[in-house]
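Dear colleague,

Please find below the structure I am handing over to you.

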Amino acid sequence: MDILVHKLTCSSCGNIFQEPKILPCLHTFCKSCIRAFMIETCTLCPICNKKVGITKIDELCDNVFLYSAFDMLALMKDNECFDCDVCEPGDSSSVAFFRCPECMQYLCELHGSAHLKARATKSHQLFTIEQLISNWKLSYLNRPSYCSQHNKEQLSSFCEQCDYPVCNTCIVNEHKGHSHLSIYHASSIFKQATRKLVTETKPRIVELRETISGIEQMCKDISANADSALDDIEECFNKQIESLMERRKQLVRDVQSCRMERLEALHEQRDRLQMRLLSVSEMYNFVDDAIQNGNASDYLDIKNAIDEQLKLVINHKEELEIVEEDYIAFYPNDVATQVAIKFLGYIDTRYAYPPLCTAEGPGLEIARKVEPTYFTVLTKDKRGKLLTRGKDDVEVIIEGNGRKNIDIVDHDDGSYTVSYIPMPVHEIVIHVYVKGLPILGSPFRVPFSVRDYTQIKSPLIVLGRHGSSIGEFRSPSGIAIDDKRCLLAVCDRDNIRVQIFDLSSYEHVNSLDVSAYIRDGPFDIVIDNKGRLLVTDPNGNGIYVLDDDGNLLYKVGSLGQDIGQFGGVCYIAVDNQDNIYVCDSENSRIQVFGERGILTNCFGGYGKESGQLNLPAGISVGSNGKIFVADRGNHRIQIFHSDGTFINSFGTRGNLQGEFDFPHGLTADIQDNVIVADHYNSRLQIFNSNGEFLHKIDNIILPHCVAIGKCGHIYVTTKDNRIYIF
């Protein structure tokens, strides 16, 4: 009964509700209480402090959802009883013995027995008054709702067009021709939607409670740390009590002032949130009660207000960040001399405030190659001033494979040096946290630069010479990198083999004899993401897909001019999905093949206009899907979208920077910088993804094909039967 009494108690006057009215914010008060705190045409809700504009109290809805609770309270009192709703008024034997929840009627023993025998109601379940009291199920006590237009007619349907419950008379008169639903069916539909909103509201209550709990814990921690600081002050000043007493008093005042300031701020925040929690909880309880126990028509009358308030709660941005921290410490500074006694010690009440902490340095601007790079984290307080101490919890997380060996050095002056070794990815994402929260600007997105090409002057190493022995070459052409397995593959054309080397030591690993498939030797090569070797025939007989041991898996294309055929020399590339891009040089076009060599696209065609080609040679697919083509006969580089749509071109015939003389092979790094083998100019030229010149490497004898590893090393095959590595 205590729970029931609490449910029926007005939070304003503390008494059982008298004429309970619902405010638009879904909080309920006595009609007289609302009148008491009503100011002209505005009412301020005591629970949520929302202003409610009303002109007449009678305009407010009665809280009909409490009627069942009132009836239950009356039943639980020994001297209270209900009359049978079927008996004539004044009948001495009309004391209710049963309740039919479905018909919402109290019945005496006589009419209860008849109710169970009647054809229309014999399936109804009746409950005795004692059962109602013991079960305490308020929905069994729902009262019937009557039409406001036809007082004796119960509400039985829901008008979809007008969006409110109606009676049978309404259906054949005012709402004739409108679409209607059974009131129970409509209630079921709308309750389901409201339940979803209620479910979304629950986390708000949890968040509010957790924040209030956090505030209370912070208050305890502040007091504990303040007490600890006071103890430190006592320990220090007891040594020189006579000369330091005044200073001690000042420091004590500082601590107490800080404590009071923070506690006041936290108490204010806690009070606001408790008020908010009370508001949301009462609203939640009201809605939950309406859904669980309310009459369908009554619920439908107020469903829009309920949904509106629940959405306001869901969308409301709660003040969940605790406004203060618990850090208070005393620093004795007891090495000070007697002359400086008045400056002895200080109260450090400043703490790192993550939203104002910053990070700066080259390690947040660009990451180069696989070498250490650095940046500095600066911890600042709530006023944006740099802290002068360390020991804050600074954490750095770098996403995915973009990091290695993260190290943080605390300089004990509010600054922290972070070093890391970037790994080759397109972009490095760095998260910096102080006390578990992100600092200003975090996460930082740092572009990875494969290397500074402008520093390349001469080769790091030169592999091979003319010959047929292991590690020697005769007309090397295509070259490919397998970064996953750290392998370098070279088409040793006139020796009719593919030689494979270890990328770390450049020692020979294997030689694959391909004479059974390619009579005139392999021309170009690429390694796909599955580790398969795709090799082209210089005569255009097709593309041969080989396994690690050089065994033929399948062949793509044949000699000819039709779609899917090749006219002769072919250069080749693959993308991240292992689509095959073929420079069909003699046919001046690009052909694209998918899984198992199925043709998916063809573009280009002979000519000098944008998008047209003349003996295209090298081809490479960038990280964003762009296709770079060495348009050999037109002495330019063309760029296409992945679907073959022309984007841009750069270059013309000549020997100045940015000019070409029959460019052959090319490759793109992970940032889409393009390295071009400028064949008859005997050099490499390097451009950014927009075709802007970056650098050139001279004195390379007739460079043919070029490849680049993820770490930025460039590999070039040349006419002098060597492999140059830069």
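In these notes, buried means under 20% relative accessible area and exposed over 50%, with partly exposed in between (1.4 Å probe, protein chains only). This is a predicted model, in which local features need pLDDT of at least 70 and side-chain atom pairs count only at pLDDT 80 or more, while totals for chains, interfaces and linings use all residues. Residues are numbered from 1 along each chain as its sequence is written, and side-chain values use heavy atoms, with hydrogens and water left out.

Cysteines. With a disulfide taken as a pair of cysteine sulfur atoms within 2.5 Å, the structure contains zero disulfides. Cys357 is buried, at 0% relative accessibility; its sulfur lies 18 Å from the closest cysteine sulfur, that of Cys258, which is too far for a bond. Cys705 is also buried, at 3% relative accessible area, and the closest cysteine sulfur to its own is in Cys491, at 7.8 Å, again too far for a bond.

Strands. Helices (H or I, at least four residues) and strands (E, at least two) are DSSP runs numbered from the N terminus, and two strands pair if DSSP finds at least two bridges between them. Five of the six residues of strand E20 (residues 415–420) are buried. E20 pairs in the antiparallel sense with E17 (residues 373–378) over six bridges and with E19 (residues 407–410) over four bridges. Thr417 of E20 is the bridge partner of Thr376 and also stands opposite Val409. The hairpin of E19 and E20 has four residues between the strands, and Asp412 there takes a positive phi near 60°.

Yours sincerely
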